[in-house]
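Subject: Structure handover

Hello,

The structure we talked about is below, for you to take over. My notes on it follow.

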Amino acid sequence: MFVLVEMVDTVRIPPWQFERKLNDSIAEELNKKLANKVVYNVGLCICLFDITKLEDAYVFPGDGASHTKVHFRYVVFHPFLDEILIGKIKGCSPEGVHVSLGFFDDILIPPESLQQPAKFDEAEQVWVWEYETEEGAHDLYMDTGEEIRFRVVDESFVDTSPTGPSSAEATSSSEELPKKEAPYTLMGSISEPGLGLLSWWTSS
């Protein structure tokens, strides 16, 4: 679920931080820049693990700050495909079951990846697994807040870098705002035995 990623960046340290230890100042600046941010095709950055190498620091004309090229390792949330994770159901919609890990919410289990047969209950706004038994079908509800075990089957990165407005957007009114896309999304599946709500598989 978590991986160590080697990165290189140039860190600017302002003059009023020169009295501090260089490593402490660099660690603080790197966490300010990266923590809780998604790096494209890398994952969700959590925190600095360690600094592996510091190159020479430079002070440029007109800027009293020091600029240091830093080699470091960062803890990143990036589960591998087919990894089994446990989260909580954040909500349900016709698009599927939305799952949260607490620190990461952009997880979707689409209808075709649920235990089958499944149906969406419009009144309750929940997905239901119509579990077949010898006595007939039993409705097992996927309620909000329930713990759910799922398999990671796909991931999607979206480049959300800011772009300038196009000429068409500039002339149109701002009535319809574009839907904000998540920069990093996981797709899950519970369509196999042992996956789904933990309460389904625990003996009472």
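**Surroundings of D9**

Leaving aside residues up to four places away in sequence, D9 touches L30, K33, T68, K69, V70 and F72. Please keep in mind that this is a predicted model. D9 itself sits in strand 1, which covers residues 2–13. One of the residues it touches, K33, also makes a polar contact with D9, side chain to side chain, at 2.6 Å. Is D9 buried or exposed? Its relative accessibility is 18%, and the cut-off for buried is under 20%, so D9 counts as buried.

**Strands 8 and 9**

Strand 8 (residues 118–121) and strand 9 (residues 126–133) run antiparallel and are joined by four bridges. Across this pairing, D121 stands opposite V126 of strand 9. The two strands form a hairpin, with four residues between them. In the turn, Q125 has a positive phi of about 55 degrees.

**Cysteines**

How many disulfides are there? The count is zero, taking a pair of cysteine sulfur atoms within 2.5 Å as the rule. C47, for one, is in no disulfide: the cysteine sulfur nearest to it belongs to C45 and is 9.9 Å away. With a relative accessibility of 33%, C47 counts as partly exposed. C92 has a relative accessible area of 12%, which means that C92 is buried.

Regards

Terms used:
Residues numbered from 1 in each chain as written. Predicted model: local features only at pLDDT ≥ 70, side-chain atom pairs only at ≥ 80, totals over all residues. Heavy atoms only, no water. Pairing = 2+ DSSP bridges. Buried < 20%, exposed > 50% of the residue type's maximum accessible area, 1.4 Å probe, protein only. Polar contact = N/O pair within 3.5 Å; in protein donor to acceptor, adjacent residues only side chain to side chain. Contact = heavy atoms within 4.5 Å.
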